[in-house]
Amino acid sequence: MDYSMTSILDVAKQFITQLVPRDGVAVDFTMGNGHDTFFLSQWLEEGHVYAFDIQEEAVKSTRKHLKEWGARENYTLIHACHSRVKEFVTGPIDGGMFNLGYLPHSDKVVTTRHKTSLAAIQTATEMLKPGGVLVVAVYPGHGEGALEGELVQRLAAGLDSRRFDSFFYRLLNQPSAPFLVAIQRKK
Ligand code: SAM
């Protein structure tokens, strides 16, 4: 992989490959065009990935891409809000990815919203197995993204340190650049 320190998605994927076992269960909370779903499907050779999106267009696009890219049949695509994750994923999870904001190359009408994002992150945190990890990519360059970012940081910073570790990765000399929050459940 051509790894870039400035790509928060590269850093996020690094956490996943270091901490999620290949027979694990992971959730892509924001499937979009399916790039992260595909990455998780590839990583989870003997595991399973569940992916959520509220836009039917995203589910269709992901389904098409996964076929085109030759993904293994280890995924379930769910057209629902990620805050409803527990209705569809009943067991604990090893990993989860949130890539907040707008669907790339779309008309930019639908973005993630802080209320549902926060609810989903809170639920996902409680679903983590010991040692499991959540990565949240935040785009503070637009109004809702800035608020969402602020609240995600606050949530992560307020987690019980006896049960979780939380991390913040950001380009210090580019304050409006995307940043990453990661949460690991202690073993
Ligand atoms: N991971 C995607 C990819 O690899 O192409 C990009 C994700 S995009 C930045 C954010 C996605 O979150 C959009 O497709 C949007 O429809 C979706 N989204 C917004 N609100 C949501 C919600 N409440 N539940 C699930 N998905 C949501």
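A: The lining of the largest cavity is made by Leu9, Ala12, Asp36, Met97, Phe98, Asn99, Val135 and Ala137. The model is a predicted one. Three elements, H1, E4 and E5, each give at least two residues to this lining. E4 contributes the most, with three residues. Sorted by class, the lining has six nonpolar residues, one polar and one charged. The volume of this cavity is about 30 Å³. The structure has one cavity of 30 Å³ or more.

Strand E4 covers residues 93-99, and strand E5 covers residues 128-138. A salt bridge joins the side chains of Asp94 and Lys129, at 3.1 Å from N to O. Asp94 lies in E4 and Lys129 in E5, so this pair ties together parts that are 35 residues apart in sequence. How exposed are the two partners? Asp94 has a relative accessible area of 7%. That is under 20%, so Asp94 counts as buried. Lys129 has a relative accessible area of 30%. This value falls between the cut-offs of 20% and 50%, so Lys129 is partly exposed.

Now turn to the open space. The largest pocket has a volume of about 540 Å³. Its lining counts 30 residues, and the closest to the pocket centre are Thr30, Asn99, Gly101, Tyr102 and Leu103. Asn99 is also in the lining of the largest cavity. Helix H1 (8-19), helix H2 (35-43) and strand E2 (48-53) are the elements that give two or more residues to the pocket lining. H1 also supplies at least two residues to the cavity lining.

Another salt bridge pairs the side chains of Arg162 and Asp160, at 3.1 Å from N to O. Arg162 has 70% relative accessibility, so it counts as exposed. Asp160 has 27%, so Asp160 counts as partly exposed.

Notes:
Residues are numbered from 1 along each chain as its sequence is written. This is a predicted model: local features need pLDDT of at least 70, side-chain atom pairs count only at pLDDT 80 or more; totals for chains, interfaces and linings use all residues. Side-chain values use heavy atoms; hydrogens and water are left out. A salt bridge is a side-chain nitrogen of Lys or Arg within 4 Å of a carboxyl oxygen of Asp or Glu. Helices (H or I, at least four residues) and strands (E, at least two) are DSSP runs, numbered from the N terminus. Buried means under 20% relative accessible area, exposed over 50%, partly exposed in between (1.4 Å probe, protein chains only). On a 1 Å grid over the protein atoms alone, a cavity is a set of points where a 1.4 Å probe fits but cannot get out, and a pocket is an open set with protein on both sides within 12 Å along at least five of seven lines; lining residues have an atom within 4 Å of a point. Grid points are joined across faces, edges and corners, and a volume is the space filled by probe spheres set on the points. Ala, Val, Leu, Ile, Met, Phe, Trp, Tyr, Cys and Pro count as nonpolar, Asp, Glu, Lys and Arg as charged, and the others, Gly among them, as polar.
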